[in-house]
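These are my notes from going through a model.

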Amino acid sequence: KMAAPIHASDFMQANNSIIAAYDFMGISRWNLENGTSKIIRLADGKAAQKEAVVTLANGVALIASDPGNIEIYTEASGPEKPANEVLIGWPNYIGAVTPTKVFIVTKSGEPDLLDVTSTAQPVLTKLSKLGACPRFASAFDLALCVQENGQFQGLRLSDNEMVFDIPTPPS
């Protein structure tokens, strides 16, 4: 049996798992301790080829696809349809920052925080302190943004406090 090509993946150390989006449009979660897999979304051939995936705590998986839908899958909802969806615009970046939250930057550079503590009622918060975010990254509880002019910012997400704001380097 030949493995299908993977076009997006994410790793979560807390539950020692990888989520993988395959070219045949299916998505699976792999347990690295025992080698088992579970289907997160069934392959239907209609899903967007360009997807981003994030694995979160308690079996929650986020799948971002064009035109900007973020589908929320849970163990309870099963692989047939998402438990919920959030429309945000296509993300340039999506990364887990806590076990239940992700930092998202849209193609337009808008930084957002999506909280799926309640998958039935996800909360999308604009991160206005960062402004437009053309270059980005994240770490636990931290959204990082480098502005076009080189200004480097770090926003702690738990309290919405700017932990550093390094001005544009001199030319």
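Entry 1, cysteines. I looked up Cys133 and found it buried, because its relative accessibility is 1% and buried means under 20% relative accessible area, with exposed over 50% and partly exposed in between (1.4 Å probe, protein chains only). Cys145 is also buried, at 0% relative accessibility. The model is predicted, so I kept to its limits: local features need pLDDT of at least 70, side-chain atom pairs count only at pLDDT 80 or more, and totals for chains, interfaces and linings use all residues. Residues are numbered from 1 along each chain as its sequence is written, and side-chain values use heavy atoms, with hydrogens and water left out.

How many disulfides does a search of the whole structure find? I got one, taking a disulfide as a pair of cysteine sulfur atoms within 2.5 Å. Cys133 and Cys145 form it, with their sulfur atoms 2.4 Å apart. The two cysteines are 12 residues apart and link distant parts of the chain: Cys133 lies in the loop between E12 and strand E13 (135–139), Cys145 in strand E14 (residues 142–146).

I traced an open sheet of four strands, in the order E9-E10-E11-E12, with antiparallel pairing. Two strands pair here if DSSP finds at least two bridges between them. Which strands stand at the edges? They are E9 (91–98) and E12 (123–126); each has a single partner strand, so one side of each is left without a neighbour in the sheet. The twist averages 25° from one strand to the next, with axes fitted as lines to C-alpha atoms and angles from 0 to 180 degrees between N-to-C directions.

I then followed E9 into E10 (residues 101–106): they pair in the antiparallel sense over six bridges and form a hairpin with two residues between them. Ile94 stands opposite Ile104 in E10, and Ala96 opposite Val102.

Entry 3, aromatic rings. I found three aromatic pairs in the structure. Rings of Phe, Tyr and Trp (its six-membered ring) pair if their centres lie within 6.5 Å; planes under 30 degrees apart count as stacked, over 60 as edge-to-face and the rest as tilted. Phe152 and Phe164 form a tilted pair, 4.9 Å centre to centre with 55° between the planes. This pair links strand E15 (residues 152–156) to strand E16 (residues 161–166), its members 12 residues apart. Phe152 is partly exposed at 29% relative accessibility, and Phe164 is partly exposed at 24%. I also noted one aromatic cluster, formed by Tyr93, Phe103 and Phe136.
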